[in-house]
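Here is a short report for a first look at this structure. Keep the sequence and the 3D view open while reading.

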Number of protein chains: 2
Amino acid sequence: MLPSLPALRAFDAAARRGSFRAAAEHLSVTATAISHHVRGLEEQLGVKLFERTGRDIVLTEEGRRLAETTARAFSMLEDAVQTVRRTARRVVRLAAGPIFTARWLMPRIGDFWGAHPGVQLEVAPSFRPRAHTEGDADIVVTWERVSDMPEGAVKLLELRPVAIASEQFLDRNGPIETPTDLLRAPLIHQRNQLGWLDWFAAMGVRLEEDLRGPVFEDANAILRGAADGQGAVIGWLPLIQQDLNEGRVVRLFNEEIAPTHGYFLEIASDRRAETIAVVNWLTAQRAGSV
Amino acid sequence: MLPSLPALRAFDAAARRGSFRAAAEHLSVTATAISHHVRGLEEQLGVKLFERTGRDIVLTEEGRRLAETTARAFSMLEDAVQTVRRTARRVVRLAAGPIFTARWLMPRIGDFWGAHPGVQLEVAPSFRPRAHTEGDADIVVTWERVSDMPEGAVKLLELRPVAIASEQFLDRNGPIETPTDLLRAPLIHQRNQLGWLDWFAAMGVRLEEDLRGPVFEDANAILRGAADGQGAVIGWLPLIQQDLNEGRVVRLFNEEIAPTHGYFLEIASDRRAETIAVVNWLTAQRAGSV
DNA sequence: AGCAAATGATGAGTAAAACTCATCAAAGGC
DNA sequence: GCCTTTGATGAGTTTTACTCATCATTTGCT
């Protein structure tokens, strides 16, 4: 026998936020409602769920354990309901990183619209696409090392690292003739020196210490930085082909490095016709893209 | 935004049982309530969840997908709430097979009561104790081959197989002088010939074909059958020591076979003081039991 | 085939929640 | 030290969940 579900939900919201007021706001009710619900629940279960220390509340041990489960259970319900709603609207939700969205998906989106007018593609840009793997997206585009291809994933695109910068950067930082020359210049990189380490390794340079230079999370920002002459960056072919063509950035060397990373598709287990249409369209783009 | 939770729950119950009427009964409401809830959900989600083919209902594809999740989510909630309720009542719920319950636990339960008057031990007898591992029992006593000790489990008791029967059986089936003589007599066994295969192997008999004879699931029933002279069975020492002492059954040989199976404790992750007390008491019994 | 029993749908009405409002108490910030 | 913020409480209101009465369909039975 379950206690009242709205009460459980109120408890869950309060536990997540550590505040009745915040929970109330989230559920669009008054804090009074939450307070009543939680008290009712406590009475029914015979257990104190929150310790009220004057103005704020803190979960008791029992409350904490219950909250662990309610959080998972309600998230599951939320996801499942969302998915059904999308189904009804023939929406396919795709989660991808910002650079993929901007440099690969956007240029092709018109083509998709033409090919599948009935399917509504919803793109959720995210810095952590992996976090969407469960339930809240039908397709997730993840970035992985090509050697670490995730189980059950579909390879979409392989990427080759190239060192790029703007003309302005070259003027300012003298001639760059060998990869080691770069070590004296500002190198903008992502967390984990993503790209640069592979690139130096492929160029036969052994790094003695960590790279210095500004770290940005957002690859779009990094490319923008390169175009502005802020530093040298690793770009990924073919994603940045257009930037090269239009002269916003130039390649520092004519290196031909094998793909080290790639984009992979992880597809939700409920394979609707619309989802499959999108996957097929995405993989069909591959041919023309490389 | 979640739709009304009681409606989701009504849907879940209907989906599980494949009938609005049965769902209504389970939730102690009228079938009308379920019908209204499901219709409301369908309108809100914009998706048909059940196909109504005249008198009965069948889940649509979308309904099926939603039901998969609701089933898991509501089970989780139910378990979690149950656990909290037990906590409040200082109840420790233990799931175990019937033979363990009857021959090992029952004789010792008075001792437990004396040692821990505050803790209420609730014994859930089950033919499939493993099924209780998640959430609905604090401690599960599983039966495993000693070589397959489950991860994180605590060994409680090792069991040695012995061939036993009643005097009556011996009168009827002539003298049993070697293990192979047994192959001509009715051997009662559990599914998978549990016990007999190990026993014959340990006695150096290679079986040419499957064993015949009646198969029972319930070890208590099997022991009863042995006492009644229905056939020879495998008993497990020390569980059946008392039956031997009281002469209800006799050992057919004086074999000394090493333990092949054992009882293990699997303990729920939320380790309350009460649960730990019970585990400690159980394992302490081990010394006196063998 | 024909009828009774079973299942679900529907709309109106009722009962029971969930929720709000007004008021109070306690605690922390300035 | 006062003002703001957060939560508690009891009475009152609104919304929701549910029931009842009635109807439509189907299925099992003889």
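Contact here means heavy atoms within 4.5 Å. The model is a predicted one.

Start with B:Glu62. This residue sits in helix α4 of chain B, which covers residues 61–89. Which residues is B:Glu62 in contact with, leaving aside its neighbours within four places in sequence? From chain A, they are A:Val84 and A:Thr87. From chain B, they are B:Val47, B:Lys48 and B:Leu49. B:Glu62 is partly exposed, because its relative accessible area of 23% lies between the 20% and 50% cut-offs. B:Glu177 is another matter: 115 residues separate it from B:Glu62 in sequence, and 65 Å separate the two C-alpha atoms in space.

## Chain A overall

Chain A contains 10 helices and 9 strands. Its C-alpha trace spans about 75 × 50 × 30 Å along the principal axes. The radius of gyration is 25 Å, whereas a compact globule of 290 residues would have one near 19 Å.

Of the 290 residues in chain A, 50% are buried. Now take the contacts between residues at least 6 apart in sequence: 76% of them join residues at least 24 apart. The chain exposes about 14,300 Å², and carbon and sulfur atoms supply 50% of that area.

## Where the chains meet

Interface size is often stated as the accessible area lost when the parts come together. Between chain A and chain B, about 3,000 Å² is buried. Carbon and sulfur atoms give 76% of this buried area. On the chain A side, A:Leu2, A:Met76 and A:Leu77 lose the most area to chain B. Together these three account for 20% of what that side buries. In residue terms, 30 residues of chain A are in contact with 30 residues of chain B.

## Buried parts of chain B

Is B:Thr260 buried or exposed? Its relative accessibility is 13%, so B:Thr260 counts as buried, the cut-off being under 20%. The residue lies in the loop between β8 (250–251) and β9 (261–267) of chain B. Not counting residues up to four places away in sequence, B:Thr260 touches B:Arg145, B:Val146, B:Leu159, B:Pro161, B:Asp198 and B:Trp236.

## Backbone details in loops

Look next at the cis peptide bonds. One runs from A:Leu237 to A:Pro238, with omega near 5 degrees. A:Pro238 lies in the loop between β7 (233–237) and α9 (241–245) of chain A. In chain B, the bond from B:Leu237 to B:Pro238 is cis, with omega near 5 degrees. B:Pro238 lies in the loop between β7 (233–237) and α10 (241–245) of chain B.

Positive phi values come next. A:Ser28 is not a glycine, yet its phi is near 55 degrees. It is found in the loop between α2 (20–27) and α3 (31–45) of chain A. A:Ser28 counts as exposed, at 62% relative accessibility. A:Arg90, also not a glycine, has a positive phi of about 55 degrees. A:Arg90 belongs to the loop between α4 (61–88) and β3 (91–96) of chain A. With a relative accessible area of 38%, A:Arg90 is partly exposed.

How values were computed:
Residues are numbered from 1 along each chain as its sequence is written. Chains are lettered from A and ligands numbered from 1 in the order in which they are written. This is a predicted model: local features need pLDDT of at least 70, side-chain atom pairs count only at pLDDT 80 or more; totals for chains, interfaces and linings use all residues. Side-chain values use heavy atoms; hydrogens and water are left out. Helices (H or I, at least four residues) and strands (E, at least two) are DSSP runs, numbered from the N terminus. The radius of gyration is taken over C-alpha atoms; the globule rule is 2.2 Å times the number of residues to the power 0.38. Buried means under 20% relative accessible area, exposed over 50%, partly exposed in between (1.4 Å probe, protein chains only). Accessible areas come from the Shrake-Rupley method with a 1.4 Å probe; for residues, only the protein chains shown count as cover. Buried area is the accessible area (1.4 Å probe) that two parts lose on being put together, summed over both.
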